[in-house]
Structure formats: structure tokens, C-alpha cells
Amino acid sequence: RCQVSEHTPCPWHVDFDADGAVIHNGVTIASVPIDASAWQFNARLIAAAPDLLAVLQQVAKDFDEFDEEQPSIFIERMMANWFDAKCAIEKATGGGK
């Protein structure tokens, strides 16, 4: 659900062969110094930032649009947000790697 905001559009990814560069379409967005002890985590967190922002924006929007007469729609949206949040967290933490 990554949405374009004022930042470089999604997706962003980490190129571990390019000195910890965070990349979009072959262009370096950020470079994390590899001498830092947590450089891989920092690079992943930067790469996941647009995804994390998009999930939070969607959660805020869904809460703003909450309709007491249709709670099932809200629950469906929160379940979708939960899935998107888990994906963004996995991207940020390198889950499964």
C-alpha cells in the first residue's frame, strides 16, 4: 500500500553490495555508513519508512472515517492494516533473513 507522498516514490530497497545504499529505480536515496555497528538495521529501517508511513496514514484515515453503525467495515480495514503493518515491520527488521 505504499503511496506517493512528498518523498521519492516506492518501492525502496537496500542494496547490501553498494555500501548500504537505499535504492529506488537504480538511484541512491540514502547511504548508510557501513562502519556503524547497526548499519544493516538502519538501512532496512530507512528503506521501509515509506511503507510504515503509508500504514500509519491508512490507520489514521480509517479511524477518522469510523462509522459506529458499520463496525464490520472498520474491522475489515483494521485487519488489512494489520497485514500491511506486519509486512512493513518485516521489511524494516529484515524478518525471515
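**Entry: ground rules.** I am working on a predicted model, in which local features need pLDDT of at least 70 and side-chain atom pairs count only at pLDDT 80 or more, while totals for chains, interfaces and linings use all residues. Residues are numbered from 1 along each chain as its sequence is written, and side-chain values use heavy atoms, with hydrogens and water left out.

**Entry: chain overview.** I counted 2 helices and 3 strands, in the pattern β-β-β-α-α along the sequence. Helices (H or I, at least four residues) and strands (E, at least two) are DSSP runs, numbered from the N terminus. Of the 97 residues, 28% count as buried. The cut-offs are under 20% relative accessible area for buried, over 50% for exposed, and partly exposed in between (1.4 Å probe, protein chains only). The accessible surface of the chain comes to about 6,500 Å², and 57% of that surface belongs to carbon and sulfur atoms. I used areas from the Shrake-Rupley method with a 1.4 Å probe; for residues, only the protein chains shown count as cover.

**Entry: salt bridges.** I searched the whole structure and found 3 salt bridges. D51 counts as buried because its relative accessibility is 18%. K91, at 28%, counts as partly exposed.

I then found K61 and E65 meeting in a salt bridge at 3.2 Å, N to O. E65 also forms a salt bridge with R77, where the closest N and O atoms are 3.4 Å apart. E65 lies in the loop between α1 and α2, whereas R77 is in helix α2, 12 residues apart. I noted K61, E65 and R77 as linked in a network of salt bridges. K61 is partly exposed at 40% relative accessible area, E65 is partly exposed at 40%, and R77 is partly exposed at 33%.

**Entry: sheet.** I read an open sheet of 3 strands in the order β1-β2-β3, with antiparallel pairing. Two strands pair if DSSP finds at least two bridges between them. β1 (13–15) and β3 (27–31) stand at the edges with a single partner strand each, so one side of each has no neighbour in the sheet. The twist averages 40 degrees from one strand to the next. β1 is joined to strand β2 (residues 21–24) by 3 bridges, and I noted A21 in β2 as the bridge partner of D15. Helix α1 packs on the sheet and touches β1, β2 and β3, its direction making about 145 degrees with that of β1. Axes are lines fitted to C-alpha atoms, for helices over the stretch in contact, and angles run from 0 to 180 degrees between N-to-C directions.

**Entry: core.** The largest nonpolar core has 7 residues: W12, V14, V22, V32, W39, A43 and A47. Its largest share, 3 residues, comes from helix α1 (residues 39–64). Such a core is a set of buried Ala, Val, Leu, Ile, Met, Phe, Trp, Tyr and Cys residues joined through side-chain atoms within 4.5 Å. Leaving out residues up to four places away in sequence, I found V14 touching A21, A43, R44 and A47. Contact here means heavy atoms within 4.5 Å.

How values were computed:
A salt bridge is a side-chain nitrogen of Lys or Arg within 4 Å of a carboxyl oxygen of Asp or Glu.
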